[in-house]
Amino acid sequence: MMTGKADSTTQQAPRTLRIATRKSALALWQAEYVKGKLEELHPGLTVELVTMVSRGDKLLDAPLAKIGGKGLFVKELEHALLEDRADIAVHSMKDVPMSFPEGLGLEVICEREDPRDAFVSNTYASLDELPQGAVVGTSSLRRQCQILEHRPDLTINFLRGNVNTRLAKLDDGQYDAIILAAAGLIRLEFQDRIRQFLETDVSLPAGGQGAVGIECCTGDEEIINLIKPLHHEQTAKCVLAERAMNRTLNGGCQVPIASFAELEGEQVHLRGLVGQPDASSILRTVQTFPAEQYEQAGIQAAEHLLEQGAGEILAALPHSTATNADTE
Ligand SMILES: NCc1[nH]cc(CCC(=O)O)c1CC(=O)O
């Protein structure tokens, strides 16, 4: 199998490309999606999945405080790249930490699926139809804060696990409704479980939500050339603006931060939010920049939030280094 450095004596593309992926249904779907696209683009190329159980997966039911460590879901895949057990790693962009180990980078961001949050319930058709005091499941402080702003009477209960587990807990009768990313539900063909798409002015999505990214060795041009056609420039500009905001806020952590960018003609339009988990205070920003200045839009959004006191809100939260992957 030829991977890593190109063999200078031949000009042939590698015949096998290995994708590192977690074993959750959503991770496998995303890896299969990339595999399918690559095989379609490069006839003769064989793509293999290298599956691994991350420490985050093993600890899915443990309280967050006990988990610690940044990007548990991503780390195991990065080890596989660094140890040449895989050529690329496929991630949900929402779960990708802000920095990469030396020698690795995010080379491709694929076209985004529906970025919105989804309301899922076996009884109620929408957030507004929930009765007083109903119980909503989510462990995302971002979702909690926005839901409580809209409906202060609701009770938010802890809900973790992968998409299938969360749906099973809903079906168990533990919640009146749960909130999940529409993208994951659509990909796993649970679209018919979505009772309501929460518009972005009700629930602003997390940075990167709905987009898949590909990480690999930054010097591996052979692999980069193979995967580059999957890059979607419009999605990338938006997701990189969102990530620039989060990075400037130092908010890859378990914090109520939302960031969502859209392209409008030649401009990037970025909305950001930082809130108290109980919705007692919610800060917002809207930035419009020329599309090429997506990074600047993100930095400016963060600075505007910091001017309004975002730093104090974030500093007051219980310290945790968990990323979105653990809680969203
Ligand atoms: N951390 C879990 C996670 N990571 C990405 C998605 C959804 C798919 C996506 O945003 O691409 C989910 C589940 C969810 O939020 O419901």
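Helices, strands and what covers them

Tutor: The protein has 12 helices and 13 strands. The model is predicted. Of the 328 residues, 45% count as buried.

Student: How do you know that the span of α10 is close to the one expected?

Tutor: Helix α10 covers residues 294–307, which is 14 residues. The expected span is 1.5 Å times one less than the number of residues. That gives 20 Å, and from first C-alpha to last the helix reaches 20 Å, so the span is close to the expected one.

Student: Which residues of α10 are called buried, and why?

Tutor: They are Y294, A297, G298, Q300, A301, A302 and L305. They are called buried because each has 20 or more other C-beta atoms within 10 Å of its own. Their cover includes the helices α9 (233–249) and α11 (310–316), along with the strands β11 (257–264), β12 (267–275) and β13 (282–290). After α10 comes G309, with a positive phi near 110 degrees.

Student: Why are β11 and β12 called paired?

Tutor: Pairing needs at least two bridges between the strands. β11 and β12 have eight, in the antiparallel sense, so they count as a pair. S259 stands opposite G272 in β12. The two strands form a hairpin with two residues between them, and G265 in the turn has a positive phi of about 60 degrees.

Student: What makes β12 and β13 a pair?

Tutor: Nine bridges join these antiparallel strands; at least two are required, and therefore they pair. In β13, V286 is the bridge partner of R271, and T285 is opposite G272. This hairpin has six residues between its strands, with A279 in the turn at a positive phi of about 70 degrees.

Student: Why is β12 described as mostly covered?

Tutor: Because seven of its nine residues are buried, that is, reach the count of 20 or more C-beta atoms within 10 Å.

Student: What is the order of the five-strand sheet, and which strands are its edges?

Tutor: The order is β2-β1-β3-β10-β4; the sheet is open and its pairing is mixed. β2 (46–52) and β4 (104–109) are the edge strands, since each pairs on one side only. On average, neighbouring strands are turned by 30 degrees against each other, direction ignored.

Student: How do you know that β3 pairs with β10?

Tutor: Five bridges join β3 (residues 88–92) to β10 (residues 212–217), and the two run antiparallel. The requirement is at least two, so the pair stands.

Student: Which residues come nearest to the ligand?

Tutor: Of the 13 residues around the ligand, S92, L180, A181, A183 and G184 come nearest. Being near takes a C-beta atom within 6 Å. β8 (177–181), α7 (182–187) and α12 (324–327) each supply at least two residues of the shell.

Student: How many residues of that shell are nonpolar, polar and charged?

Tutor: Five are nonpolar, five polar and three charged. Gly is counted among the polar ones, so G184 falls in that group.

Terms used
Residues numbered from 1 in each chain as written. Predicted model: local features only at pLDDT ≥ 70, side-chain atom pairs only at ≥ 80, totals over all residues. Helix = DSSP H or I, 4+ residues; strand = E, 2+ residues; numbered from the N terminus. Buried ≥ 20, exposed ≤ 12 C-beta atoms within 10 Å, placed from the backbone. Contact = placed C-beta atoms within 7 Å. Axes fitted to C-alpha atoms, helices over the stretch in contact; angles between N-to-C directions.
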